[in-house]
Amino acid sequence: MKISKSAFVTMSVTMIAILVLFQFSNISAIYASQAMKNANAEQDITITSNKTIQASKLHSPSTYETALIGGKNNWETMIAEEWCIYTKQRYYRFPSLRDLYENISQNCKLLIVNAYVIDSTEDINILISLAKRGVSIILTSLPDISLFRSYPKLMELTGVRKIEADSYYTNGMTVFEGFLLGGKATYNDMKKSIPYFSLESGTKTYISAAIKNQEQKNIKNEELPPILWRNYYGNAFIFCVNYDFFQDHTGLGMLTAMISETTGYNLYPIVDSQIVICQNFPYLSNENSSRISRQYFYTSKAFCENVLWPDIVSILSATGDKFSGMIAPKLEYSDSEDVSLDSLKFYFKQTERISGELGISGDQMESISFHDEKILYDTEKFKQLAPDYDFTVFSPGNMPESEYDYYLNYFGNESVLSNIRTLVLPKEQEHKAILSFYNTKIMSLACTNNGFSHADKEDLYLRSIETALGYSAVSLDFSRVIYPNGKADDWTTLSRDMARFLDTYWKNFRKAFKQVNISEADQRARKFFALYYNYYRRNDTISLSITNFEDEASFLLDLADEKVVSVSGGTFTKAEKDKYVIHADSKTVLIEVAEDLSEN
Amino acid sequence: MSMEVRTIIEFIQALTAYTVCVCLVPYIVFHDFLHEKCLSEKFITAILIGNFYIINVVFVIFLLKIPGRISLYVFTIVPAVIAWIRINRPDIGGFFSLLHNPLSRLFLGEAHFRTILDALFSRPIEIFRNSLRNVFSHIRKHIFEWTLLLGLIAFNIYYYGYQTTTSYIFGASDLTVHQFWINEMDNGIIFQNGIYPFGFHNVIWFLHNFFGMRTLSILRVFGVVETLFIYMMIYVFLRKICRSRYLPILGVFLFTLPDLFDFQATMRYQWSLPQEFGMIFLYPCAYYLIQFFERKKDEIQTRQKLAQENRLYAWLFQYHIMPSTKSLAFFAISFSLTLAAHFYITIIAVVLCVTIAIAYFPIVFHPKYFWSIVLAGIISLSCAVAPLGIAYMQGTRLEGSLKWALSVIFPKEEQDPANTIEENPGTFDNLENSNYTEETDGEGNSINIEDENTSGISNSKGSTVDSQNNVTKKDSVENKTSMLDTLKALPAKIPSLAKRAKEKLIIFNRLASAYLNGAYNYNILCFYILGATEILAVFCLLMMVIRRNFYYRNLFAISIYSMFLMIMYSAQALGLPVIMDLARSRIFLAYATPLLIACLADAVYVFLCWPFKYHKITEIVPIGLILLLTCLTLINDFIKPLNIVYSLQLPGEMKCNYEIMDTCPEKRWTVVTTTNSMQTLREKGWHMEVCTFLGKMENYTKYTNVTIPTKYVFFYIEKTPLDFGYDAYNLVTEEMANSGLVSESAAAQQAEFGGSSVYYTENRYILESKLYYWAKAFQEKFPKEFQVYYEDESFICYRIIQNEYNLYNFAIDYGFNG
């Protein structure tokens, strides 16, 4: 077969054109790359802590809506206080019930009280008189069982019919549908001995204990030891918590859920952010290579680039989550191994390609940590290798606050931490708030979950925080992979656990809330703190008006067998039955609801 | 969708489905057999075939123990298709060969798909067009008849549909039982409470399963559907016996528009009841029996004539089955359908047939007639009794009401009527008892027609007759010789004798009409209708002597049928055996009255217009009569007022039933209510009685536990508890008869929590009051969860959604726990 000249020319031109087009996109990407610059650092911070509604603005001795009883350092009271800030409730803390009773506000609708402040008939009488006045009471923990025996009025108040056992070993618990986000959940690994009460009619149980051999013991579901229930007394609801949920932030979402149960519907602001944080990844050094080589036949650097990175990217792209990496230049600062420029460039470019974000980690793997050295070393290295990149996110990890506080608050512009705007704290570090301002400028976000594990307690914690804030930050600590400590730290196992967590346990919340990186979450948290809101309902229309509105705001609407039909001034997403996320894009939002008897 | 609109849609659905099943499909299947017959005969025949087929198909699948939708479709469609092919012999091969050519062309690429469609649908479209043309041409030719008939039908739809459209409820307590039996058929059980004529139930179950309609929906509206057919039967039957084309409409008019009858005579037509369903087949019995006599006579005459001419076999050849035999077959079918629907209809059908037999005396005893009729009777009885007999042989016992019905027909010596009525609690027939005590005649005189008084009357009458007889005997001996003189003097005495006879007759009629009090709205009407019956009977007897015409025999049959029903109505007062209780005999008497009046009018019309040979012009007389009566009825506001409804259920309750069944997942909800909605709710969910619920809370302690194990729980509360159980009723336009608003004083009273009268007026008032205050107290404890689902002035429904894994304890101290 003979090819004509004109056909030859056409084919050649076409092939060249294709070659040019393909190469052009690649070349242009290289030239247009901004990987070595942090786009988040270019915008100024518009919402600082003094523009937001913090405790000082909500603390109101005369017009409080919520009264907190307990000491300043009482952990349960602190959680309640934190919750008041998140829900923008005017509150006031009293050291004792008597103090409250002497200074009761006309606006007071809710009393959050813990077991430690109830120890006399007078206290119980005050609670009873408040209940009769229509003040709902939340007992974040129950008084000692002997107090119940001594004061029958307390039993009446809390809806306890009989004390079946002072201490009863429970095997776990069941959180019933509609209380916390995520639907019904049964936990079989939360074994604990709790007082066993049988409840009166007119009570509603939200969490009940699970016990072993329930059928053989001939105990009906309704007769199982109650963990969290509600009683109606006088003119108010009394919520009782027969568990230590308020020893950490697990109780936070429960407060929200309890308030939702007192009204026909509840509308409250949320952060609406889901973050995946890869702690100590990317890793830029080549330490612990001998151990890694034994296990994976790669050097640490090669393992990270050729195994971890592709796996992480494929898992995140499958789940749709955004990558937020906390760079660990080195994990052993006594080691002479230097940071690899190739690695740094590789990760910066790759991160840009997947629209990820990079911050800096504060972790070290040595028994004696060289925190000052680390900050100085990192400052120096990044000045050399990535002089244009300003880090805005810092995850201190195991670095003590005292070590980095100076750099964040007082140090000049020379440090790698000079431009930090977001501090990512480990889960429940020193009872710190989930969201708070570290200083006027820096927003502190706490991790809520470990992405490599998902125990029952962690699941309950996650659900609770999601219910309260629509927020979760999953931390994946890759120092475990680079410094494995047994079979459990093998990447094969951990990658499976990570995929399982992201794709299974987290899935429901992903549907409801937005997947963002840390900087986006930071922005959302600032807007969340800034806004103030009011709402009311007329027939099937809920009107929401927002002050200090900054472009967008998210709310969670908790309905009772109703559904959102339409939203004007915003959009909505159904999180689950009766629970809707409202995305406001104007100051006034009108939400139309209608009855919904569907199952899901 | 509002309940009013829903009811109208359901009515249209039920009417369409039933009409298609009993009119359209039988007509299509038996097209070759029916197409040459007149429209009324087509109509009546199709209805008989359709109902007979449906009822027996259901019996067959149940007795073969294969109930279900698939078997219903198979057993319905397959025999119908086979019958259609056998009867109409359609050219199916020809159809396929016709189709073959365009199909081949399509595959060869020579034709479009449209060609195939043309080939497929050209014939059906043509048939459809022709049918439409015929229908319109028929309507055009009979525009006046159709206008009048449709007008009357429209009024009846309004009149009988008003209650179900505005109050949505059943209205009759019996319906709950029938609904229960039909629901049990869904579970594969026929004759749930024993053997009973299940024709009505079979039809409802058929419509429910074949068309997927809800039993509740059909039962609510089917009363109106069947009533339309009942009314049409008056027209069709009168068309058969009347000479005038328009006087049959007079019959329908009299039963429709003017306020002639006692409200109890027509109230049952509002509701879907087996007896009323069976009434559809009452007049077809007479229709086909009369047709049999006519055809047989024609056949005998033709046979004799053609036998003489030696052309008999040529004539016989055209008939596979002789027309008279077909008439008799349809008579047998209609008679068996009366038995399949309700025993009382069969009793009336027997009366009707006997009166026709009397009218056709002595022809009826001619062997050519008599044995055919006897055979038809035996076959019809066998057809109707066979399913019941098979079920009986399969071990099913007789249903209680059959024993009751038999006890009414054959009362025991020691049994008094009051006890008989008590044996049928829960039905509204007891209402009639009030009419036994005292009623007034047209002149305002109080007439006691209780048993004792009745016997008093009969005794005095008897003694009068006896004394008269004694005197007559003496006179006959003494005056034997002067008989001739008397006869000679007779012509001179005739006017005075006639006057005396007339006076006697009037007195007798006045006395006799007193026994009919309560049958019609005005007692004077009883007198006139009795007189009309006598006049018609005497006139027909005379005419039967003068003219050997079956026409007069038919009219005579109607007159004595009316007389029989009058006697049956007053049987108790007359001291005769009571075959049927007063309430029901009143219904049949009322249903016969339009026949009687229309026949009398037709007799007058025939007598007057005889010289004019019944030309179209002569029809001006009946048309004028109808228009005149219509105008008079309208001008004098003599229109039948809307009927009554029993205080059985509140409209809100039915509204909630529909809403819950439509929206809640099946079998995951419970309704706590009285027993009124029990059968309705059982279709899709669960039911708990108020007395059970509250009874568990009596003597409340903090250990009392009441749980209901479904996700959704509804509580129906009557804010104005109904005056239930003593046949309290009110006009459909008024509020339901009730005991007033629930009250704390009532709630504080001790209630009964069991027994047959637990929901009767007083106890119902206490229970509903208790439930109301329980709901208020419970709502305080669960304001978010325990919500008002529906509320109107007299009814409230609460709903609570439970956590199925941790149920609510509904037992609370609500202050009236007893």
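The chat below goes through a predicted model with a chain A and a chain B.

User: Before anything else, what kind of model is this?
Analyst: It is a predicted model.

User: How many residues of chain B are in contact with chain A?
Analyst: On the chain B side there are 17 residues, and they are in contact with 20 residues of chain A.

User: And what classes of residue does chain B bring to that contact?
Analyst: The side of chain B that touches chain A has eight nonpolar residues, five polar ones and four charged ones.

User: Let's stay with chain B. How many helices and strands does it have?
Analyst: Chain B has 33 helices and nine strands.

User: What share of chain B is buried?
Analyst: Of the 818 residues in chain B, 42% are buried.

User: Where do the strands of chain B form a sheet, and in what order?
Analyst: Five strands of chain B make an open sheet, ordered E5-E4-E6-E9-E8, with mixed pairing. At the edges are strand E5 (686-689) and strand E8 (787-791) of chain B, each pairing on one side only. From one strand to the next, the twist averages 25 degrees.

User: How does E8(B) pair with E9(B)?
Analyst: E8(B) and strand E9 (residues 795-801) of chain B run antiparallel and are joined by four bridges. One bridge partner pair is B:Val788 with B:Tyr798, the latter in E9(B).

User: Which helices lie on those strands?
Analyst: Helix H29 (residues 651-663) of chain B lies across strand E4 (669-673), strand E6 (712-718), E8 and E9 of chain B, and runs at about 120 degrees to E8(B). Helix H33 (residues 761-781) of chain B also packs on the sheet, where it touches E6 and E9 of chain B. The direction of H33 makes about 130 degrees with that of E6(B).

User: Now a helix pair. At what angle do H24(B) and H27(B) cross?
Analyst: Helix H24 (residues 523-546) and helix H27 (residues 582-609) of chain B cross at roughly 50 degrees, and their axes come within 10 Å. That angle makes H24(B) oblique to H27(B). The crossing is left-handed.

User: Which residues meet there?
Analyst: From H24(B), they include B:Ile529, B:Leu536 and B:Phe539. From H27(B), they include B:Leu596, B:Ile597 and B:Leu600. By class, the contact has ten nonpolar residues, two polar ones and no charged ones.

User: Is B:Asn643 buried or exposed?
Analyst: B:Asn643 counts as buried, because it has 21 C-beta neighbours inside 10 Å and the cut-off for buried is 20 or more.

User: What does it touch?
Analyst: Leaving aside residues up to four places away in sequence, B:Asn643 touches B:Phe263, B:Thr266, B:Met267, B:Gln270 and B:Val732. The C-alpha atoms of B:Asn643 and B:Asn730 are separated by 8.5 Å, with the two residues 87 apart along the chain.

User: On to chain A. What is the order of the four-strand sheet?
Analyst: The order is E12-E24-E27-E26 in chain A, in an open sheet with antiparallel pairing. Strand E12 (266-270) and strand E26 (570-576) each have a single partner strand, so one side of each is left without a neighbour in the sheet. The twist averages 25 degrees from one strand to the next.

User: How many bridges are there between E26(A) and E27(A)?
Analyst: E26(A) and strand E27 (residues 579-584) pair over six bridges, in the antiparallel sense. A:Glu576 has A:Lys579 of E27(A) as its bridge partner.

User: What does E19(A) pair with?
Analyst: Strand E19 (residues 443-446) of chain A pairs with strand E17 (residues 422-425) in the parallel sense over four bridges. Strand E18 (residues 435-437) of chain A pairs with E19(A) in the antiparallel sense over three bridges. E18(A) and E19(A) form a hairpin, with five residues between them.

User: Which residues are bridge partners there?
Analyst: In E19(A), A:Ala446 is the bridge partner of A:Leu425, and A:Met443 is the bridge partner of A:Phe437.

How values were computed: Residues are numbered from 1 along each chain as its sequence is written. Chains are lettered from A and ligands numbered from 1 in the order in which they are written. This is a predicted model: local features need pLDDT of at least 70, side-chain atom pairs count only at pLDDT 80 or more; totals for chains, interfaces and linings use all residues. Two residues are in contact if their C-beta atoms, placed from the backbone, lie within 7 Å. Ala, Val, Leu, Ile, Met, Phe, Trp, Tyr, Cys and Pro count as nonpolar, Asp, Glu, Lys and Arg as charged, and the others, Gly among them, as polar. Two strands pair if DSSP finds at least two bridges between them. Helices (H or I, at least four residues) and strands (E, at least two) are DSSP runs, numbered from the N terminus. Axes are lines fitted to C-alpha atoms, for helices over the stretch in contact, and angles run from 0 to 180 degrees between N-to-C directions. Angles under 35 degrees count as roughly parallel, over 145 as roughly antiparallel, 65 to 115 as roughly perpendicular and the rest as oblique. A crossing is left-handed if the near helix is turned anticlockwise from the far one by less than a right angle, and right-handed if clockwise. A residue is buried if 20 or more other C-beta atoms lie within 10 Å of its own, exposed if 12 or fewer, and partly exposed in between; C-beta atoms are placed from the backbone.
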